Amino acid sequence: MRTISARNVAQLLGPTPLARPAYRSLATGIRRLVSDGRILVDTRLPSERALMSELGLSRTTVGAALDVLREDGFIVTRRGSGSVTAIPEDRSGLALSGAGLVPTDLPEDVIDLTYAVLPAAPGLTGAYERALEHLPRHLATPGYHPRGLPELRQALADWYEARGLPTDPGDVIVTSGAHAALSAVLRAALDPGDRVLLETPTYPNAIVGVRRSGLRPVPFPIDPLGWDPEHLELTLRQAGARMAYLVPDFQNPTGRLMSADERASVAEALRRTRTVPVIDETFVELGLDSRPPAPFAASSPGALTLGSSGKAWWGGLRVGWVRAPHALASPILEARHSLDLGTAVLEQLVLIELLQAGEPLLDERRAEASRRRDAMVASLREHVPDWRFTVPPGGLNLWCELPVDRGDALSRVAESAGVRLARGTQFGTDGGMDRFVRIPFSVPADEADDVGRRLAVAWRRALDSRSSEVPSTPLIA
């Protein structure tokens, strides 16, 4: 069973003194930590004595707080295990999604904020035109390239080399997007019932992919403490996870960037526990204030790295890839072949053109993303000033903390105010996250103020809403 120390509880509660009555404030603080996924469900809390000592509170105060949590359903008492965190069964919207991958029609007057992706990059049309010039020489072939076109694999190897990670083209397998790459990796490297460590919050489709592969997710909270190597190693040893799915570059949804020192420490923790790292670099080219350090695989030679053209260039360009250690390339190729027979040739040729165009096109892309981010930040600060968030150094998302846990209610009423939102609870492996909402800054800068106004209307309605209707689960990208 997972445990949490009294010291970690104190760190998560923060240094602000508890308001009176202290027992009620302590219960509220722990309830929020559980709801937000910062203390995971099914975690054994410290003993009353340990909490008393660390928090400087009396036994009466701590005991009364635990009684409140027990009455509200946020802890249960188990013989031999003490107080264990839980989510009340009757809370709507906290059940995990079993799918969430089926898009629905969007009314014309609703702005869709479930997609964290920009429109096509400048230069994409030209790349298609140049690619068409090269297409005829491929038309006389069957068109199946399970590994990917040799020239694209070489271009990707050169791209890694330029980022400080020498790569052989034979270690690159081209797929139909990063999600397909993750599915192939899970099939190739694990057996049903194996455990996979996932950050929480994390990309919802990764949670769904792990579960549908017959694997068991192991949550690892990264907010607000980041990728703490000591906590990571303890979690891995306790859970026996064979694989860890991490997003170190502008993490989805928090936007966090793992530093070079963190990468080295996390890589060492994974090495000591013999855990295979799967590194999702989907957002790596969208560094807006700072560029990422060397790829994670530079610190962890055994890492499997997932890449995608969708965020950097265009979501409709369905080309992804896996960079794998040579020993794993063949099993991944075999697993990939069970999913599809190859990636569209024309789109591979387009990506070659884009990679050859290089930094000038990406600089334009980053400048546009920066404008959209800054406009959305200003809009949220004006229209929903009680929402808290950290401005990320890159990526495409703002991870907003709401003042009260009404995130599911917000997503439920949002369309009536003209916006569609993903539920914060979809980003947690064990529920929770009801005080959070992901706001992509993917709309044009001149539309951000309108989005803020609509969100303000939706938030007022969410605070007034008492509906028990289970919210829908939109497609998230």
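This is a predicted model: local features need pLDDT of at least 70, side-chain atom pairs count only at pLDDT 80 or more; totals for chains, interfaces and linings use all residues.
Residues are numbered from 1 along each chain as its sequence is written, and side-chain values use heavy atoms, with hydrogens and water left out. Local features need pLDDT of at least 70 and side-chain atom pairs count only at pLDDT 80 or more, while totals for chains, interfaces and linings use all residues.

**Two helices**

Select residues 48-55, helix H3, and residues 59-72, helix H4. Helices (H or I, at least four residues) and strands (E, at least two) are DSSP runs, numbered from the N terminus. Two packed helices are described by the angle between their axes and the distance between the axes. The axes of H3 and H4 come within 9 Å and cross at roughly 120 degrees. Axes are lines fitted to C-alpha atoms, for helices over the stretch in contact, with angles from 0 to 180 degrees between N-to-C directions. H3 and H4 are therefore oblique to each other; angles under 35 degrees count as roughly parallel, over 145 as roughly antiparallel, 65 to 115 as roughly perpendicular and the rest as oblique.

Now show the side chains. On H3, Glu 48, Arg 49, Leu 51 and Met 52 make the contact, and on H4 Arg 59, Val 62, Gly 63 and Leu 66 do. Contact means heavy atoms within 4.5 Å.

**Aromatic rings**

Rings of Phe, Tyr and Trp (its six-membered ring) pair if their centres lie within 6.5 Å; planes under 30 degrees apart count as stacked, over 60 as edge-to-face and the rest as tilted. By this rule the count comes to 5 aromatic pairs. Select Trp 387 and Trp 459, an edge-to-face pair at 5.9 Å centre to centre, with 85 degrees between the planes. Trp 387 lies in the loop between helix H13 (359-383) and strand S13 (397-401) and Trp 459 in helix H15 (residues 448-464), so the pair ties together parts 72 residues apart in sequence. Trp 387 is buried at a relative accessible area of 4%, and Trp 459 is buried at 5%. Buried means under 20% relative accessible area, exposed over 50%, partly exposed in between (1.4 Å probe, protein chains only).

Next, select Trp 399 and Phe 436. Their ring centres are 5.1 Å apart and their planes at 10 degrees, so the pair is stacked. Trp 399 belongs to strand S13 and Phe 436 to strand S15 (residues 436-440), 37 residues apart. Trp 399 is buried at 7%, as is Phe 436 at 3%.

Then select Trp 159, Tyr 160 and Trp 321, which form one aromatic cluster. The charged end of Arg 323 sits over the ring of Tyr 160, 5.9 Å from its centre. A charge sits over a ring if NZ of Lys or CZ of Arg is within 6 Å of the ring centre and within 35 degrees of the ring normal.

**Backbone details**

Select Arg 20 and Pro 21: the peptide bond from one to the other is cis, with omega near -5 degrees. Pro 21 is in the loop between helix H1 (6-13) and helix H2 (22-35). Another cis bond runs from Asn 252 to Pro 253, with omega near 20 degrees.

Last, select Asp 42, which is not a glycine but has a positive phi of about 70 degrees. Asp 42 is partly exposed, at 31%. Arg 274 also has a positive phi, near 55 degrees, and is exposed at 78% relative accessibility.
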